[in-house]
Amino acid sequence: MNITIKKIITNETLFEGDYETLRAAVVAARADLSGANLSGANLSRANLSRANLSGADLSGANLYAANLYGANLSGADLSGANLSGANLSGANLSGAKDIVSFGPCPGSGRIGYVVKSEAGILVQLGCFWGTVGEAEAAINSKYPDDKGAAYVGIIHAAVAVLGVSR
């Protein structure tokens, strides 16, 4: 089927082609999808590494297990998006809606993410995805000292930046 991906504000065509699914078209066009309207798109397991998704509308998109390594998500709308299992390593999230990155974390040195989703507030730490409470339990189990308390404090601060209660 013929699929057209357009910019949100100008309605300018960014990419057009004959693909079986929207997901296949997005993967093919991944070089530059800045400002694209991908609201509600099924992009699960898509390889979008180093894609330019700045200013894109990804609200409600299914990005389950998507590879967003090094992607430019600055200013993107991720409200209600499913980011469970997504690889966000090295992604530029400055100004992105409903996601906060934090770190490096005490003890592990990793960068973590707090995401506001339809399922509630979720935390990603490496391969871990879970609720704030589950993250706290995992951290306190691994770091039962001041490092663990600092780590949990950073997560609480990231949740506060999203402007939601735990």
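Started at Trp129, which sits in strand S6 (residues 128-131). I keep in mind that this is a predicted model. I looked up what Trp129 touches beyond its neighbours within four places in sequence: the contacts are Leu83, Ser84, Gly85, Ala86, Val115, Leu122, Val123 and Gln124. I also checked Trp129 against Val114, 15 residues apart along the chain, and got 9.7 Å between the C-alpha atoms.

Next, salt bridges. My count came to 1. Asp98 pairs with Lys116, and the closest N and O atoms are 3.6 Å apart. The partners are 18 residues apart: Asp98 is in the loop between helix H1 (22-28) and strand S3 (99-102), while Lys116 belongs to strand S4 (residues 112-117). Buried or exposed, I wondered about Asp98? Asp98 counts as buried, because its relative accessibility is 13%. Lys116 comes out partly exposed at 27%.

Then I went to helix H3 (residues 146-162). I get 17 residues and 25 Å from first C-alpha to last, close to the 24 Å expected. Which residues of H3 are buried? I find Gly148, Tyr151, Val152, Ile155, Ala158, Val159 and Leu162. They lie on the same side of H3, because they cover an arc of only 115° around the axis. This buried set packs against S3, S4, strand S5 (120-125) and helix H2 (132-142). On the face turned away from the buried side I noted exposed Asp146, Ala160 and Val161.

Last, I looked at the ends of H3. At the start, a side-chain oxygen of Asp145 comes within 3.0 Å of the backbone nitrogen of Lys147. After H3 comes Gly163, with a positive phi near 75°.

Methods: Residues are numbered from 1 along each chain as its sequence is written. This is a predicted model: local features need pLDDT of at least 70, side-chain atom pairs count only at pLDDT 80 or more; totals for chains, interfaces and linings use all residues. Side-chain values use heavy atoms; hydrogens and water are left out. A salt bridge is a side-chain nitrogen of Lys or Arg within 4 Å of a carboxyl oxygen of Asp or Glu. Helices (H or I, at least four residues) and strands (E, at least two) are DSSP runs, numbered from the N terminus. Buried means under 20% relative accessible area, exposed over 50%, partly exposed in between (1.4 Å probe, protein chains only). Contact means heavy atoms within 4.5 Å. The expected span of a helix is 1.5 Å times one less than its number of residues. The arc is that of the directions from the helix axis to the C-beta atoms. A polar contact is a pair of N or O atoms within 3.5 Å; within protein, one must be able to donate a hydrogen and the other to accept it, and residues adjacent in sequence count only if both atoms are side-chain atoms.
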